Amino acid sequence: MPQTMRFGFQNSERYKSVVLITVFGTVLLSILMLPLLRTVGLRAFSMASASYSSGTHSAAFVTCPNEQVAKDLARGMVEKKLAACVNIIPKITSVYEWQGKIEEDNEVLLMIKTRSTKVSALAEYVRSNHPYEVAEVISLPIDQGNPPYLKWLGEVVPE
């Protein structure tokens with residue numbers, strides 16, 4: 001049978017129907033996926049286009065004798081723009097040496113996010129408002145993180 005006979009009118013109509021259904025399905029799927037693709041694209045662009053200088057921000061840690069002291073210190077730090085966010089982590093146990101004795105106490109931990117340039121002022125605030133004779137204030141520079149979060153942190157805690 002010659003090639004021209006194999007692709008007759010009936011096969012041509014069927015082919016057109018398959019192509020039309022495929023094109024319609026692809027367009028419909030694309031329209032339905034657009035919001036998801038837009039969100040993913042914006043997030044990827046945001047993360048890729050933001051630059052961050054390692055060590056610009058720090059995570060600081062302070063232990064407190066109870067939750068009320070922790071909340072008071074945390075609120076004061078945020079109100080005074082010494083911290084963007086303070087996480088209060090309850091029910092930790094601290095084992096340490098104090099005045100020649102091994103001590104064990106239940107405490108509350110503050111995890112503080114701030115600018116590295118604010119750590120000294122933050123430590124001074126803690127020393128002035130903390131009930132301990134020697135309050136723990138330690139900090140570690142933030143090397144990497146979610147760029148939009150780090151941008152927010154920098155906006156909330158000014159230089």
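1. Let me start with Ser 94, which lies in strand 2 (residues 85–98); strands are DSSP runs of E with at least two residues, helices are runs of H or I with at least four, and both are numbered from the N terminus. Before going on: this is a predicted model, in which local features need pLDDT of at least 70 and side-chain atom pairs count only at pLDDT 80 or more, while totals for chains, interfaces and linings use all residues. Residues are numbered from 1 along each chain as its sequence is written, and side-chain values use heavy atoms, with hydrogens and water left out.

2. Is Ser 94 buried or exposed? Ser 94 counts as buried because its relative accessibility is 13%; buried means under 20% relative accessible area, exposed over 50%, and partly exposed in between (1.4 Å probe, protein chains only). Its side chain makes a polar contact of 2.4 Å with that of Glu 107. Such a contact is a pair of N or O atoms within 3.5 Å; within protein, one must be able to donate a hydrogen and the other to accept it, and residues adjacent in sequence count only if both atoms are side-chain atoms. Leaving aside neighbours within four places in sequence, Ser 94 is in contact (heavy atoms within 4.5 Å) with Glu 103, Glu 104, Asp 105 and Glu 107.

3. Next, the largest nonpolar core, which has 17 residues; a nonpolar core is a set of buried Ala, Val, Leu, Ile, Met, Phe, Trp, Tyr and Cys residues joined through side-chain atoms within 4.5 Å. Cys 64, Leu 73, Met 77, Val 86, Leu 110, Ile 112 and Leu 122 touch the most other members. Two or more residues come from each of strand 1 (57–64), helix 3 (67–79), strand 3 (101–115) and helix 4 (119–129). Helix 3 gives the most, with five residues.

4. Helix 4 deserves a look of its own. Its buried residues are Val 119, Leu 122, Ala 123, Tyr 125 and Val 126. They lie on the same side of helix 4 because they cover an arc of only 160° around the axis, taken from the directions from the helix axis to the C-beta atoms. Ser 120 and Arg 127 are exposed on the other side. The cover over the buried residues includes strand 1, helix 3, strand 3 and strand 4 (138–141).

5. Finally, Leu 150 sits in helix 5 (residues 147–156) and, at 6% relative accessibility, counts as buried. Not counting residues up to four places away in sequence, Leu 150 touches Tyr 52, His 57, Ile 142, Gln 144 and Gly 145.
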